[in-house]
Amino acid sequence: MDTDLVYIYSAGKPYVAELIRQMLTDHNIQSFIVNKQDSAYKFGDIELFVHRDEVIKAKMLIQEFEEN
């Protein structure tokens, strides 16, 4: 994985991670999902990563998203 990518968010449900990823894309922030869930039992997290330069903006957008 690229060393300039920073972990910023995790979700237990794939659709939540995808909603966050799409919202970031809408704000011109490229993000990447890494699914660490067990495929049989569906436990674990789906993690979201962004480029180091976009961390603060992405975290602010996620906070606004979660408040609504």
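**Exercise 1. Is E47 buried or exposed in this predicted model, and what does its side chain meet?**

Step 1. Take the relative accessible area of E47, which is 16%.
Step 2. Compare it with the cut-off: buried means under 20%. E47 is therefore buried.
Step 3. E47 sits in strand β3.
Step 4. Look at the side chain. A polar contact of 3.3 Å links E47 to the side chain of K36.
Step 5. List the contacts of E47, leaving aside neighbours within four places in sequence. They are Y7, Y9, S10, F32, I33, V34 and K36.

**Exercise 2. Classify F49 and find its distance from K13.**

Step 1. Locate F49. Strand β3 holds this residue.
Step 2. Turn to K13. F49 and K13 are 36 residues apart along the chain. Their C-alpha atoms are separated by 16 Å.

**Exercise 3. Which residues have the most contacts inside the largest nonpolar core, and which elements supply it?**

Step 1. Count the members. The largest nonpolar core has 15 residues.
Step 2. Pick out those with the most contacts inside this core: I8, Y9, L24 and V50.
Step 3. Name the suppliers. At least two core residues come from each of β1 (5-11), α1 (14-26), β3 (46-51) and α2 (55-67).
Step 4. I8 is in contact with L24, L48, V50, V55, A58, K59 and I62.

**Exercise 4. Which residues form a nonpolar patch on the surface with about 310 Å² of accessible area together?**

Step 1. Name the members. Y15, L19 and F65 make up this patch.
Step 2. Examine Y15. Helix α1 contains Y15. Its relative accessible area is 52%. Exposed means over 50%, so Y15 is exposed.
Step 3. Examine F65. This residue belongs to helix α2.
Step 4. Check the contacts of F65, leaving aside neighbours within four places in sequence. F65 touches L19, I20 and M23. Of these, L19 is also named in the patch.

**Exercise 5. How many Å separate F65 and F32, C-alpha to C-alpha?**

Step 1. Start with the sequence. F65 and F32 are 33 residues apart.
Step 2. Go to space. The C-alpha to C-alpha distance between F65 and F32 is 18 Å.
Step 3. Tie F32 back to Exercise 1. F32 is one of the contacts of E47.

Methods: Residues are numbered from 1 along each chain as its sequence is written. This is a predicted model: local features need pLDDT of at least 70, side-chain atom pairs count only at pLDDT 80 or more; totals for chains, interfaces and linings use all residues. Side-chain values use heavy atoms; hydrogens and water are left out. A nonpolar core is a set of buried Ala, Val, Leu, Ile, Met, Phe, Trp, Tyr and Cys residues joined through side-chain atoms within 4.5 Å. Buried means under 20% relative accessible area, exposed over 50%, partly exposed in between (1.4 Å probe, protein chains only). Helices (H or I, at least four residues) and strands (E, at least two) are DSSP runs, numbered from the N terminus. Contact means heavy atoms within 4.5 Å. Patches are made of residues with over 30% relative accessible area and no salt bridge: like charges are joined within 9 Å, nonpolar side chains (Val, Leu, Ile, Met, Phe, Trp, Tyr) within 5 Å. Accessible areas come from the Shrake-Rupley method with a 1.4 Å probe; for residues, only the protein chains shown count as cover. A salt bridge is a side-chain nitrogen of Lys or Arg within 4 Å of a carboxyl oxygen of Asp or Glu. A polar contact is a pair of N or O atoms within 3.5 Å; within protein, one must be able to donate a hydrogen and the other to accept it, and residues adjacent in sequence count only if both atoms are side-chain atoms.
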